[in-house]
Amino acid sequence: MTAPTAPRAAVERASVLVDHAELHAALTGLFTGHGIPDARARLAADALCHGDLTGLDSHGVFNLTRLYLPLLESGRCDPRAEPETLTDLGACAVVDARRALGLWAAAEAMDDAVARAGRHGVGLVSVRGATHFGCAGFHAVRAAHANMIGVVASNCGGQRIARPPGGAVAMLGTNPLSVAAPALDAHPFLLDMSTTVAPTGRVRVAARRGTPVPAGWLEDAAGDPVTDPSAFDRGEAFLRWLGGDAETGVHKGYGLGIAVELLAAVVSGAAVGPAPDALEGDGRPHGSDDGIGFFLLAIAPEVLRPGADVAAATRSLFGALVDCPPVPGGEPVRYPGRREAELAAERRRHGIPLPPHLHAELTALGLLGGPGSPR
């Protein structure tokens with residue numbers, strides 16, 4: 001199933017620059033209007049803006065009307081939820097988020113993990129009963145800002161959109177994974193990835209823009225490539241795993257997806273994708289992303305190795321990487337997270353580019369276009 005190529009003019013319509021502070025203030029007001037306490041509303045706005053600041057537009061305000069507002073308006077998310085600690089063993093804890101908005105609940109849980117790591121060298125907070133948390137990297141990098149290593153994973157609750165290699169039934173979600181650490185020039189190392197080739201958000205962004213996705217992102221029931229992104233929400237296409245095929249290492253992406261289910265859901269007691277009821281139905285993508293589980297780990301090397309100059313070791317590691325000479329005519333060598341940090345700084349100064357349809361959508365909600373808005 002191959003999508004027709006959209007007219008170039010339709011693809012490259014000019015973006016609209018939006019001031020970050022204005023957008024953040026509007027989102028904070030929107031969340032407080034739905035009953036989320038002020039500080040947590042600001043934190044949720046931080047998490048949502050992170051996607052647009054760092055170029056991960058599939059996980060920014062694009063998801064506001066498609067994911068977060070429906071969660072709040074349907075009651076699937078409790079705006080005033082107060083997470084409950086179920087087990088506290090000092091270095092680690094299990095928390096029930098009680099349907100809190102994941103954008104702030106995961107950030108608070110990571111801050112808790114960082115505090116535990118400061119006392120014990122490692123801090124683990126395992127969360128169940130959660131909702132979608134946006135970019136995994138937003139939460140992992142909070143540990144890096146505390147000079148620690150952060151590891152974050154999330155399953156997708158009972159949502160199933162990817163099949164095991166060779167399987168005929170969708171059984172797992174995109175199951176994101178992120179690792180962050182201090183690196184160079186206040187630009188942390190930040191790996192933020194789905195274990196499928198692409199997250200659902202990037203497929204939906206392409207569908208909204210009317211552009212095909214690359215061959216290899218989606219497949220039909222017979223395993224043939226699909227480039228029409230709208231086929232995914234029609235239930236006619238499945239996301240593929242990192243690695244692609246057996247010959248190119250599909251077991252790595254699939255295995256990482258299972259690892260996330262174990263870390264984020266089995267440890268916390270959250271809903272899991274590969275459950276017996278996943279085998280019911282016609283095999284197409286199904287289920288809901290309720291009852292999500294988070295895995296938030298902070299590691300404090302300087303607590304584990306008192307007196308060690310860990311900062312010098314990480315500077316040496318990342319310094320050696322960026323000193324690697326590029327191939328002839330190539331760009332300078334970078335590491336994951338550096339370009340995103342540079343882009344975020346640039347967009348804080350000059351504005352966040354939003355596609356016209358998304359700008360119009362936010363304006364219709366009353367979030368943009370007020371006095372003093374950039375034109």
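This is a predicted model: local features need pLDDT of at least 70, side-chain atom pairs count only at pLDDT 80 or more; totals for chains, interfaces and linings use all residues.
User: Why is His-20 called buried?

Analyst: The relative accessible area of His-20 is 13%, and because buried means under 20%, the residue meets that criterion. His-20 lies in helix α2, which covers residues 20-33, and, leaving aside neighbours within four places in sequence, His-20 is in contact with Cys-49, Leu-53, Arg-347, Arg-348 and Ile-352.

User: What makes the aromatic pair of Trp-241 and Tyr-254 tilted?

Analyst: By the rule for ring pairs, the count comes to four aromatic pairs. In the pair of Trp-241 and Tyr-254, the centres are 5.8 Å apart, and a pair requires centres within 6.5 Å. The angle between the planes is 55°; since stacked requires under 30 degrees and edge-to-face over 60, the pair falls to the remaining class, tilted. Trp-241 is in the loop between β10 and α9, whereas Tyr-254 is in helix α9, 13 residues apart.

User: Why is the pair of Phe-318 and Tyr-335 tilted?

Analyst: The ring centres of Phe-318 and Tyr-335 lie 4.9 Å apart and the planes stand at 55°, so the pair is tilted. Phe-318 is in helix α11 and Tyr-335 in the loop between α11 and α12, so the pair ties together parts 17 residues apart in sequence. Both Phe-318 and Tyr-335 are buried, and together with Phe-189 they form one aromatic cluster.

Methods:
Residues are numbered from 1 along each chain as its sequence is written. Side-chain values use heavy atoms; hydrogens and water are left out. Helices (H or I, at least four residues) and strands (E, at least two) are DSSP runs, numbered from the N terminus. Buried means under 20% relative accessible area, exposed over 50%, partly exposed in between (1.4 Å probe, protein chains only). Contact means heavy atoms within 4.5 Å. Rings of Phe, Tyr and Trp (its six-membered ring) pair if their centres lie within 6.5 Å; planes under 30 degrees apart count as stacked, over 60 as edge-to-face and the rest as tilted.
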